[in-house]
Amino acid sequence: MTRPVYILGSARLRPQDAPDPDGVQRLQGLPDLNGIPLTPRQKRQLGPVSAWALSAVKPLFQAHPPSPDLALIMALPLGCLEANAAFEATIPPNPRLFQSTVANTTAAWVAIAYGLTGPSITFTGPHAGQDALTEAAQLIAEGRVERAVAGLALTIPKEVAAPWSAQGGRPMEEVSWVLLSAKAGPGSRLATGARGGGSQPLLAHYSAPTDRWTGCGFSRLVPEEEAWAATLIGAMRPTSSVLMAPFIGGRSDRKSSARSRCWAHCRSDLQHGRSHWRR
Amino acid sequence: MSTPVAITAVGQISCVGVGMAALEAALRQGSSGLGPVNAIAAAKGAMGGEVPGLEGREGDEGDGPLPRALLLLDQAVHEALTALGPRDPEADAHTAVIVGTAQGALPQLPGTAAHHLAQRHGFGGPRRTIGMACVSSAVALVQGAEHIRRGWARRVVVAGFEALHNMVWRGFDAMGVMAEGPCRPFDARRRGLNLGEGAAALILEPVDVAIGRGATPLAIIRGGAIACDARHLAAPDPNGAALATTITQALGRSGLTPTDVNYINAHATATLRGDSAEIAALQRALGAAAETTPISSIKGITGHTLGAAGALEAVATTLALQKGFLPPTVGLQTPMEGLSWDFIPQAGRAAPQLRRALLTWSAFGGHVCALVLERPHPEAP
């Protein structure tokens, strides 16, 4: 079953100010938690990533109130590094802070605030934004859910920022949300790929190589029908190269070889309008 | 999941030992791998599931010292790939890697494990990392099956891994959910969990592809579901509503009813709230069948391996389906709340007719997952 996927709306918080001394463009000020349906005590428990995510999603959910079965697919590229550091700094260990040291904490808070009991997945790592977006679209395309929200929350701890900036990266914090639906609504846009056929072409586009590729991820931005996806993808592109570099070490040649094979298939699929990865 | 997905190879490393033979022996005999933990300072020799012999080990390709967690991951995947047989470059190019872990390869950045595996083994397919606490690799398994069903990959390597870590140990200790002695899943006197470490890997393929290349599927993934109880970060819903819904969805996607299930591999970490909530969920979802279906938790054997638990328990259940036996609930003496369920206490039990198993998991954040595995029918596909 393959259905069209529509974009009902999106929300985004990105910094406008110049980079700080660590070279990071940071979200400024404090997240606006007024109107978030959590108790004051719950709001005090929120870590920075979750607070920013809730702040960003509020207008989107005010415009499109979520139903409990909404799929909530999150991307936390850096996982919960800040929460880990916050917990480790406490003596004696604070059990409440420990509860936030898992990457799905942000999705949990959004679910708790808005009563979302539907499918929920949290991806981490350089691909996380792509993974969240494609999974959300796919759940709708194949009829699993009627609506899905894909979210990306990226705050950047100092210890990550330093090597990132040192390698010429431009780390930027960001929170983005995209609300997808099986049905069109006022102002909605069709999100499926230019060649039709549900989300498969969309996915293929995501996996396509371009000269802007710098890491292990993806970077192809198809203007028009996928411009919305740039909110998620844009934050991922610089993340990919720098986060992987120290880890990959000297094995880049082998990686390049495997990647080239994979992308050769992908490019061929795109040229011939085939679905990527399809046998 | 209408397209049958086969599990064609598995591997594991845990406190019971390295390899599937070690796990099978422990499950059949009910021999626990729990003991004093010396690998991390925070444990101070307390009870847990430590994998011995990891200190000072290096990767096998001149990587230099690898994090403890990646050593575990590499070992489990190595066993699964070895069991898979000769490598096929064409299949490798379309092999996806989906990894689940709670804290990953600390202190490395999260989300790098899938790439680590893909690079090491030359896999060219999609890579995903799931970070969902104790359901991480369970969700990875559901995602892996979806990748096959959607045609996104010809083969999927699913893995879960977790190493003992000072931060995690201190956190659970601060929460007061650690048992002083061996854990007692489903027991009236249960007092908490024992942390463990390990990794498990499963190779997924379409059933027809597996049989076409002459492989014998070990088990079939029939259906899975994921949800959130949207209630509390760390306390499960005592009514088990979300987990119950997830079980019902998993059974529905499998085309099965509660009475079709022959065995339940439960999450049951031996915490007061967690085990009660899981029992409530099973009662709600399965009704009378919950009381008569054999059920066990292997946490008394392996400890709670957090992000690895999903994959490790799926591997254990695959083994049970393949070999026809029921893993036991080690540590159980007096069933909780006066339940007269078949908890398979202390030692494994032969079950040659075992056909279908339900697996359940719960995590911080209220995230829950259920999965149905089936022994391949002799006339498959």
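Visitor: What does Ser188(A) touch, leaving out residues up to four places away in sequence?
Guide: Ser188(A) touches Tyr6(A), Ile7(A) and Leu8(A), where contact means heavy atoms within 4.5 Å. This is a predicted model, where local features need pLDDT of at least 70, side-chain atom pairs count only at pLDDT 80 or more, and totals for chains, interfaces and linings use all residues. Residues are numbered from 1 along each chain as its sequence is written, chains are lettered from A in the order in which they are written, and side-chain values use heavy atoms, with hydrogens and water left out.
Visitor: Where is Ser188(A) placed?
Guide: In the loop between strand 5 and strand 6 (189-190) of chain A; strands are DSSP runs (E, at least two residues), numbered from the N terminus.
Visitor: OK, Glu174(A): buried or exposed?
Guide: Buried, because its relative accessibility is 0% and the cut-off is under 20% relative accessible area (1.4 Å probe, protein chains only). Glu174(A) lies in strand 5 (residues 174-181) of chain A.
Visitor: Switching to chain B, how do helix 2 and helix 4 pack?
Guide: Helix 2 (residues 68-84) and helix 4 (residues 113-121) of chain B pack at about 45°, axes 11 Å apart. That makes helix 2 of chain B oblique to helix 4 of chain B, oblique being what is left after under 35 degrees (roughly parallel), over 145 (roughly antiparallel) and 65 to 115 (roughly perpendicular). Helices here are DSSP runs of H or I, at least four residues.
Visitor: Which residues of helix 2 of chain B meet helix 4 of chain B?
Guide: Leu70(B), Leu73(B), Asp74(B), Val77(B) and Leu81(B). Their partners in helix 4 of chain B include Ala113(B) and Leu117(B).

Note on methods: Axes are lines fitted to C-alpha atoms, for helices over the stretch in contact, and angles run from 0 to 180 degrees between N-to-C directions. Buried means under 20% relative accessible area, exposed over 50%, partly exposed in between (1.4 Å probe, protein chains only).
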